[in-house]
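Here are my notes on the model you sent. Please read them with the structure open.

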Amino acid sequence: MPKSSKVTQRELSNEHVTESVADLLALEAPMDYKSSQMSMNMAGGGPPPIGKPDISPDLEDGRPAWNSKLQYILAQVGFSVGLGNVWRFPYLCQKNGGGAYLVPYFILLILIGIPLFFLELAVGQRIRRGSIGVWNYVYPRLGGIGVSSLMVCGFVGLYYNVIIGWSIFYFFQSFQYPLPWSECPIRRNGSQAIVEPECEKSSATTYFWYRETLNITSTIAESGGLNWRMTLSLLAAWIIVCLAVIKGIQSSGKVMYFSSLFPYVVLFCFLVRGMFLKGAVDGIAHMFTPKLEIMLEPQVWREAATQVFFALGLGFGGVIAFSSYNKRDNNCHFDALLVSVINFIISMLNALNLNVEAGFRGQSSSLMSVLFSCRNAEKILGYLNSNVLSQDLIPPHVNFSHLTSSDYAEMYGVIKIVKEDSFAQLGLEPCLLEDELNKAGAVQGTGLAFIAFTEAMTHFPASPFWSVMFFFMLINLGLGSMIGTMTGITTPILDTFKIRKEVLTVGCCIVAFLCGLLFVQRSGNYFVTMFDDYSAGLPLTTVVILENVSVAWIYGTKRFMQDLEDMLGFRPYSVYFYLWKYVSPVCLLILIFASVVEMAISPPGYNAWVQDLAMERFQSYPPWALAMCFSLIVVAMLPLPLVFIARHFNWLPDGSNKLSVSYRKSLAKEASTLEDETRFILGKNPSEAPSPMPSHRVYLGPGSTSPVELITNSTSISGYGSGYQTNPTPPKSES
């Protein structure tokens with residue numbers, strides 16, 4: 001057959017077939033004539049087998065590999081443990097009853113988190129592709145899963161790096177003594193000096209965050225122009241990310257040695273230092289005192305499931321991308337357990353730090369004096385002056401100018417006993433440590449890092465040192481997650497298109513920085529909240545349940561378990577069979593239903609900072625912003641139905657048999673060499689040399705109803721994503 005021959009049309013199929021060796025090998029994996037038995041194991045548009053793609057690992061396919069197992073584990077840990085572990089898990093733990101929240105969280109970690117994390121690690125390692133290539137290969141009609149993952153990674157990366165930019169700004173501001181957020185600024189009016197009213201009404205750390213850092217507007221509709229300091233910080237953040245991922249895992253893997261280990265050292269140091277603060281033990285005791293009645297509330301389980309879901313980075317594609325650079329016999333089951341346990345321990349460490357800080361804030365005599373002197377001391381003094389209360393009720397050691405929590409509690413108890421009948425009319429509030437601990441830990445989101453923790457650090461000796469360490473830790477935590485997010489974007493693109501890694505990385509970072517200017521306006525924090533609420537939650541949950549269904553129900557759980565046994569050298573526990581097939585899908589469906597209900601009953605809006613009141617106030621989104629919110633959900637989920645419909649009607653070619661562009665050139669060279677060797681062995685001219693391939697090849701794309709041809713050769717030639725078989729009829733798909 002001439003070398004220049006192209007595809008021909010087969011009578012029973014509407015798909016193109018490849019005839020020459022060069023053309024075939026340009027799309028297929030290198031042949032292994034000794035072990036080339038593989039059947040399609042599907043009928044019509046069914047899924048090709050994950051189990052035995054005959055592509056030799058690492059060396060033959062030219063795909064990069066991790067330099068060491070430690071580097072890979074640190075990369076997975078760095079991706080899964082991010083800024084959300086610093087502020088979301090501690091806030092949810094504090095909000096939902098401390099120890100009571102840990103019970104549903106741990107249960108759902110076992111039922112949802114570890115099985116699905118193991119599933120993503122396994123398919124990425126076995127198929128050795130990014131998210132697009134993996135799901136094109138498992139079931140091409142659900143190839144939109146990978147595209148949706150990439151879209152979500154893009155949305156999350158846009159605003160996530162803004163938070164790193166904020167941390168960079170605070171990092172450089174920390175090289176001052178005293179810290180710039182330790183005291184309220186003084187405004188001078190001629191010869192008179194007064195405290196800034198907005199700061200006096202709130203606090204020094206709150207004022208510095210909203211006014212000095214963000215210089216925030218009062219509504220999302222009021223742009224206020226670019227905040228140039230935050231713009232420069234965002235630029236610095238994208239430069240750091242670009243340098244970390246520009247060489248792929250060769251550069252990001254080395255960065256992980258520091259960025260993944262340093263934060264945990266700092267967190268441990270913070271915990272040790274915090275234990276010496278007054279009230280720290282009370283805070284920890286408050287955390288581990290379970291409120292069992294709260295554990296029965298459905299909201300607690302929903303929030304625990306959501307946190308498990310996001311804590312491990314499921315659905316983003318970063319987990320799959322990282323595992324695709326592993327050797328195929330790597331023990332990914334051990335990796336799933338190890339990373340999940342480390343993630344849980346780090347989350348607990350953050351929760352302990354928050355409760356230590358909350359205990360300190362709640363117990364601090366100076367803070368309690370401010371809280372209760374302003375709130376109740378004037379009332380009691382007024383009652384004393386008007387003879388409503390007798391001076392005999394006040395213990396002689398009580399000093400109203402330095403009223404402590406214990407003094408107030410003693411005075412409150414005496415008045416309540418003596419004035420039992422008319423006590424309710426006095427309007428005095430109880431001084432309960434538990435109430436103050438709940439209030440101290442009620443801050444959530446970015447406010448927890450940039451308001452609550454910064455306030456605690458002002459009370460540390462050598463506060464600039466601790467502040468520098470804290471924000472350097474945040475930068476490294478964010479960088480680890482951003483490396484995983486960028487890998488989830490670049491790896492599928494590199495597997496699909498022929499493009500230089502460096503060019504793609506730089507281009508993505510430039511585009512992301514320009515799009516990120518939306519978040520560094522004076523109103524940018526409101527858009528960060530919008531993207532955080534709407535761009536990832538529902539789309540990611542949908543992506544993960546489709547991943548679960550495509551493997552457990554379409555490909556078949558039994559067959560997947562057999563593939564894992566071939567890959568790992570041992571059969572995973574049978575409990576995974578039932579978790580993948582029944583438990584995880586049901587839990588995810590419930591989570592999706594609960595998320596939709598929550599979105600329906602909760603009015604869409606945001607907390608706006610009102611300058612005159614010096615406090616946050618909930619505001620509804622204007623119509624254009626509301627349309628933007630739902631557009632984020634629609635755009636992220638749109639590839640799912642589009643790809644399914646396009647492949648069902650054969651409008652879109654099946655990408656399941658396409659190899660990574662990283663070694664297409666080498667395959668073309670091998671193809672040419674193989675043809676030359678064939679001609680030499682057969683001793684014939686190129687035009688006379690018979691092709692070692694069958695004269696016709698049937699390609700069964702998605703939705704194809706053509707019968708599988710009976711190949712007369714005794715051996716079948718397998719390829720990546722398709723193959724030849726000697727069976728007249730394919731075996732039924734196992735489930």
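The points below cover a helix pair, a hairpin and the salt bridges.

1. This is a predicted model, in which local features need pLDDT of at least 70 and side-chain atom pairs count only at pLDDT 80 or more, while totals for chains, interfaces and linings use all residues. Residues are numbered from 1 along each chain as its sequence is written, and side-chain values use heavy atoms, with hydrogens and water left out.

2. Helix 24 (residues 524–534) packs on helix 27 (residues 623–637) at an angle of about 40°, the axes being 9 Å apart. Helices here are DSSP runs of H or I with at least four residues, and strands are runs of E with at least two. Axes are lines fitted to C-alpha atoms over the stretch in contact, and angles run from 0 to 180 degrees between N-to-C directions.

3. The contact (heavy atoms within 4.5 Å) involves Phe527, Met530, Phe531 and Tyr534 of helix 24, and Trp624, Ala625, Met628, Cys629, Leu632 and Ile633 of helix 27.

4. Strand 5 (residues 605–610) and strand 6 (residues 615–620) pair in the antiparallel sense over 6 bridges; pairing requires at least two DSSP bridges. Ala608 stands opposite Arg617 of strand 6. The hairpin has 4 residues between its strands, and Ala614 takes a positive phi near 55°.

5. The whole structure holds 5 salt bridges (a side-chain nitrogen of Lys or Arg within 4 Å of a carboxyl oxygen of Asp or Glu). In the one between Asp335 and Lys69, the closest N and O atoms are 3.1 Å apart. Asp335 lies in helix 16 (residues 332–363) and Lys69 in helix 2 (residues 69–80), so this pair ties together parts 266 residues apart in sequence.
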